[in-house]
Amino acid sequence: DTVMFKSPTCTPRDIRTAERMARIADVSLDELGHEIFSAAVENKSVEEVFFTDYKEFHIAGHDLGIGQITCLDAEKVLGRLPELLPAMQKMKDAHHYDMQLLMLTDVLREGTELIFLGDEDVVRMAFSARDIKDHHVFLPKVVSRKKQIVPALALLWG
């Protein structure tokens, strides 16, 4: 996400340095960023997409798995929902998880499309989510599993 200058840790110096290096290499940072993020999901199996960045958590007696993909077009990945949900359900059942989550962190929209299996009320309460549809909801400004998703669930579950 730094190449697209959307990371919260990106500094003006990072931008100047990247722009200078892009001029030297004669590349477009915008095209490079799109290429990098498109490669994250295109031509990959559901399992490859789901396990790209996957971690297991145990929070106050609740077990869950959370995968995260950084992309430029979460809507395109949501088009694979009919493939993703059964794979997520298989993982949830195999590990007896209370919840199974997949974060589609959209760099351009600066938020995460959260795909979930488990108690919808947990998602609604933990993230003040209102517009839940078909096992997913967009969470504006949510980009970190470690700093935003897990703490919100820990606060809810105590």
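Analyst: We will go through the sheet of this predicted model strand by strand.

User: In what order do the strands lie in the sheet?
Analyst: The order is β1-β2-β3-β4-β5, and the sheet is open. Its pairing is mixed.

User: Which strands stand at the edges?
Analyst: β1 (54-59) and β5 (136-140) do. Each has a single partner strand, so one side of each lacks a neighbour in the sheet. On average, neighbouring strands are turned by 25 degrees against each other, direction ignored.

User: Which way do the paired strands run, parallel or antiparallel?
Analyst: Take the pairs in turn. β1 and β2 (residues 62-71) run antiparallel, joined by 6 bridges. Here Tyr-54 stands opposite Gly-67 in β2. β2 and β3 are parallel, with 8 bridges. Cys-71 stands opposite Asp-106 in β3. β3 and β4 are antiparallel, with 7 bridges. Asp-106 also stands opposite Gly-111 in β4.

User: How do I read the two faces of a strand?
Analyst: In a regular strand, side chains alternate between the two faces of the sheet. Now look at β3. Met-99, Leu-101, Met-103 and Thr-105 lie on one side. Gln-100, Leu-102, Leu-104 and Asp-106 lie on the other. Both faces are covered, and 8 of the 8 residues in β3 are buried.

User: Which strands does helix α6 touch?
Analyst: Helix α6 (residues 120-127) packs on the sheet and touches β3 (99-106), β4 (111-117) and β5. Its direction makes about 155 degrees with that of β4.

Terms used
Residues are numbered from 1 along each chain as its sequence is written. This is a predicted model: local features need pLDDT of at least 70, side-chain atom pairs count only at pLDDT 80 or more; totals for chains, interfaces and linings use all residues. Side-chain values use heavy atoms; hydrogens and water are left out. Two strands pair if DSSP finds at least two bridges between them. Helices (H or I, at least four residues) and strands (E, at least two) are DSSP runs, numbered from the N terminus. Axes are lines fitted to C-alpha atoms, for helices over the stretch in contact, and angles run from 0 to 180 degrees between N-to-C directions. Contact means heavy atoms within 4.5 Å. Buried means under 20% relative accessible area, exposed over 50%, partly exposed in between (1.4 Å probe, protein chains only).
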